[in-house]
Amino acid sequence: MLHGKHMINGNDTLVLVFQNAAKPLNDAIPGIYSGKVTQQEVAEMHERYTWMKFAQRVPQADYFFIKDHFSSVYGWYLIDGGKMIHERFNEELTAFIKKHGYKRVIAFGSSKGGTGALLYGAMNPLITDVFSLIPQIHVATFINKLCPNEKRLFFGTDKKFEKKVDRILFTDALYENYKKKKLYFYTGTMDIQFQALVKYREFLSEKGIDSELFLNRSDERHTRLVNQYTPFIFGVLEDLIDQSDSRTNQQVTRIHPSVRLLKEQ
């Protein structure tokens, strides 16, 4: 189940890069649903890894670019055509980390990749740091906006399953093995699930789980919150790898013990 591209640089730090949904894949959803787009074509789309240039520039870590291709489209590293896959996926992820002897593991991704990074950061005690960009907190809600006519690709026909997917991050069992770690979120006030993320951080706080939010107050939405702010994102990720704050502190101002505001507004 666990598959993708493993870049080995001889380090004991690993960055798990959970992939976002590239525009060609999203555009292909109606064709996949109707059968006009083949699974070979879908597989080829999944070969286009994001964040590769950062990995090539920063060899101080190993990287594993994880594919989200378990079903006919993708599934937030969580679902496969009406069934949950996260427990099996987590078992394979644990085995992979142990096999390679990594001491530090950073889960990173944006959009659905941000959800994946967050999900396994919650479940897996071997993950030491999480940097989740503009995650979908309520996955089913997002799917119903993205492709309501094709949502059977993700849920099948089970309404109860759809509700279960939407609440997965608020499931207590997900945090049974949670180990204290650095948990970073990045989003903007105009992101489609900004309010959902605020409520999710409140949920985490009630469970005694600390998190920190990097907040963008610009008018940018979702994808552009990432594409237009890559220097900031790269700085934070590189700091996580180096266990530093030097790059991050140049670009943010702390306005609350757990909230830092981007200076570039």
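First, a term I need: helices (H or I, at least four residues) and strands (E, at least two) are DSSP runs, numbered from the N terminus. This is a predicted model, where local features need pLDDT of at least 70 and side-chain atom pairs count only at pLDDT 80 or more, while totals for chains, interfaces and linings use all residues. Residues are numbered from 1 along each chain as its sequence is written, and side-chain values use heavy atoms, with hydrogens and water left out.

**Entry 1: the whole thing**

I found 12 helices and nine strands in the protein. The C-alpha trace spans about 50 × 40 × 35 Å along its principal axes. I then looked up the radius of gyration, which is taken over C-alpha atoms; the globule rule is 2.2 Å times the number of residues to the power 0.38. For 265 residues a compact globule would come out near 18 Å, and the protein has 18 Å, so the two agree.

**Entry 2: cavities**

My grid had a 1 Å spacing over the protein atoms alone; a cavity is a set of points where a 1.4 Å probe fits but cannot get out, and a pocket is an open set with protein on both sides within 12 Å along at least five of seven lines. Lining residues have an atom within 4 Å of a point. Points are joined across faces, edges and corners, and a volume is the space filled by probe spheres set on them.

How many cavities of 30 Å³ or more does the whole structure have? The search gave me two. The largest has a volume of about 80 Å³, and its lining includes Gln19, Asn20, His46 and Lys112.

The second largest cavity holds about 40 Å³. Among its lining residues are Leu118, Tyr175, Tyr200 and Ile209. The largest share, three residues, is from α5.

The largest pocket has a volume of about 530 Å³. It is lined by 27 residues, and the closest to its centre are Asn20, Ala21, Ser111, His222 and Thr223. Which helix supplies the largest share of this lining? I noted α10, with four residues.

**Entry 3: the core**

Two more terms: buried means under 20% relative accessible area, exposed over 50%, partly exposed in between (1.4 Å probe, protein chains only). A nonpolar core is a set of buried Ala, Val, Leu, Ile, Met, Phe, Trp, Tyr and Cys residues joined through side-chain atoms within 4.5 Å.

Buried residues make up 56% of the 265. The largest nonpolar core has 66 residues, and Phe154, Leu169 and Tyr200 touch the most other members. Apart from that core lies another, of 31 residues, including Trp51 and Phe54. I also jotted down that nonpolar side chains tend to be buried together in soluble globular proteins.

**Entry 4: one residue up close**

I picked Phe108, which is in strand β4 (residues 104–110). Is Phe108 buried or exposed? Its relative accessibility is 1%, so Phe108 counts as buried.

Contact means heavy atoms within 4.5 Å. Leaving aside neighbours within four places in sequence, Phe108 is in contact with several residues, among them Val15, Phe18, Trp51, Phe131 and Ile233. Val15 is 93 residues from Phe108 in sequence, yet their C-alpha atoms are 6.9 Å apart in space. Among contacts in the protein between residues at least 6 apart in sequence, 73% join residues at least 24 apart.
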